Number of protein chains: 2
Amino acid sequence: MRVLVPFEATDPKTRLGPLLAPDERAAFARAMLRDVVAAVDDAGHDPEVVATAPVDVDAPVTIEERPLSPAVNARLDTTDGPLGLLVADLGLVTADAVSRLFDPDDDVVAVAPGRGGGTNGLAVAHPEFRVDFHGVSYRDHRRAARAVGAAVRVVDSMRLSTDVDEPADLAEVLLHGEGRAASWLRDAGFELAEGEGRSRVEREE
Amino acid sequence: MRVLVPFEATDPKTRLGPLLAPDERAAFARAMLRDVVAAVDDAGHDPEVVATAPVDVDAPVTIEERPLSPAVNARLDTTDGPLGLLVADLGLVTADAVSRLFDPDDDVVAVAPGRGGGTNGLAVAHPEFRVDFHGVSYRDHRRAARAVGAAVRVVDSMRLSTDVDEPADLAEVLLHGEGRAASWLRDAGFELAEGEGRSRVEREE
């Protein structure tokens, strides 16, 4: 399946600003992007990065100036057959998790929800479905699928639901990540800080 | 499979104190417990609540004064065949998710990680494995399984990984919950608050 991977190349992961300098955010975001592209590829699909600026990654890159929703919908308009989408900030991604999402059935929209009501992945196999990433997009995409008569399949995956936006998410990458993003964090001096409740990260001085 | 469901009956869910009064925390915790027990039952397994005080739920209840780890290990000592464990605060639980965990293979320990390195579920089919819920228990349980020669199967489930401890977790219950816990929150006036980034909850005055 053709799988779009949108990537904010200019100033990514601003909510990690309390922990990472701008050049570190850029490097860490690229490590996650490369993990996502590799997982899509290893799962037997065809990744295609849609980025705001050129980026060095092992997949075709298209520069796109439109916002995310019209950029994706323009491609849905012109693609015959199923089209996939996966966000670029999945630091826990694996090919197995990707395979559970991109298993298309006719007239079905498969959705991988993200934390807090986002949409981290879609597999669109219905000709009339269009995306809208504004607002609580997981809920909106389920409604949009029903509105065009598409069945919805929700993929119950921790790895696909954990987009890495906030400092607490870095603990999940250290705990479960198997790729470049986890290695990047360890090389940058991050480790788990044990304490009461959920683990957070701390950084070597 | 026999499935233990530990339950803190006395003062549950203290980290939800900023949003819920003590009697509300008690009621919401019981709604989640009932969802977990029902999902285990619907998946064809035998739930057994291990509680710190009597609780009204549709399953056998044993009162237990020991801390969690020795309480579970005492039962591992005396159980022939596989033994399951599922935490009681899974407001997103479904029978399908439970079925993915409690699918035992010989000499395997299946683990469902929780947010921040916790252990939300275990299916123990190895005679020598014992639990230790202190610290980063997901990592420790993987090590303990390897130490006794048990294979480890990690269950990649958002529903099983989302234990409900912190205010942000309530948004996940509203978004994905299908049982009593989600209904309880709605009846108590909680709804999604849309905004930038991840959805949080707000409460009607």
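**View 1. The interface of chain A and chain B.** Between them, chain A and chain B bury about 2800 Å², of which 43% lies on carbon and sulfur atoms; buried area is the accessible area (1.4 Å probe) that two parts lose on being put together, summed over both. Arg115(A), Asp156(A) and Arg198(A) supply 29% of the area that chain A buries against chain B, more than any other three residues. The contact draws on 30 residues from chain A and 30 residues from chain B, where contact means heavy atoms within 4.5 Å. This is a predicted model, in which local features need pLDDT of at least 70 and side-chain atom pairs count only at pLDDT 80 or more, whereas totals for chains, interfaces and linings use all residues. Residues are numbered from 1 along each chain as its sequence is written, chains are lettered from A and ligands numbered from 1 in the order in which they are written, and side-chain values use heavy atoms, with hydrogens and water left out.

**View 2. Polar contacts and the side of chain A that touches chain B.** Across the interface of chain A and chain B there are 18 residue pairs in polar contact, both residues being at pLDDT 80 or more; a polar contact is a pair of N or O atoms within 3.5 Å, and within protein one must be able to donate a hydrogen and the other to accept it, while residues adjacent in sequence count only if both atoms are side-chain atoms. On the side of chain A that touches chain B, the elements giving two or more residues are helix 3 (95-101), helix 4 (137-147), helix 5 (158-161) and helix 6 (169-176) of chain A, helices (H or I, at least four residues) and strands (E, at least two) being DSSP runs numbered from the N terminus. Helix 6 of chain A gives the largest share of this side, 4 residues. By class, the side of chain A that touches chain B has 7 nonpolar, 9 polar and 14 charged residues; Ala, Val, Leu, Ile, Met, Phe, Trp, Tyr, Cys and Pro count as nonpolar, Asp, Glu, Lys and Arg as charged, and the others, Gly among them, as polar.

**View 3. Salt bridges between the chains.** The count between chain A and chain B is 13 salt bridges, each a side-chain nitrogen of Lys or Arg within 4 Å of a carboxyl oxygen of Asp or Glu. In one of them, Arg198(B) pairs with Glu166(A), with the closest N and O atoms 3.6 Å apart. Arg100(A) forms a salt bridge with Asp156(B), the closest N and O atoms being 3.5 Å apart. This pair crosses between chains, from helix 3 of chain A, which holds Arg100(A), to the loop between strand 7 (151-154) and helix 5 (158-161) of chain B, which holds Asp156(B).

**View 4. Helix 1 and helix 7 of chain B.** Helix 1 (residues 22-42) and helix 7 (residues 180-187) of chain B pack at an angle of about 150°, with their axes 7 Å apart; axes are lines fitted to C-alpha atoms, for helices over the stretch in contact, and angles run from 0 to 180 degrees between N-to-C directions. Helix 1 of chain B is therefore roughly antiparallel to helix 7 of chain B, a term for angles over 145 degrees. The residues of this contact divide into 8 nonpolar, no polar and 4 charged, with Phe28(B) and Met32(B) of helix 1 and Trp184(B) of helix 7 among them.

**View 5. Helix 6 and helix 7 of chain A.** The axes of helix 6 and helix 7 (residues 180-187) of chain A come within 9 Å and cross at roughly 110°, so the two helices are roughly perpendicular (65 to 115 degrees). Leu170(A), Val173(A) and Leu174(A) of helix 6 meet Ala181(A), Ala182(A), Leu185(A) and Arg186(A) of helix 7.

Definitions and conventions:
Angles under 35 degrees count as roughly parallel, over 145 as roughly antiparallel, 65 to 115 as roughly perpendicular and the rest as oblique.
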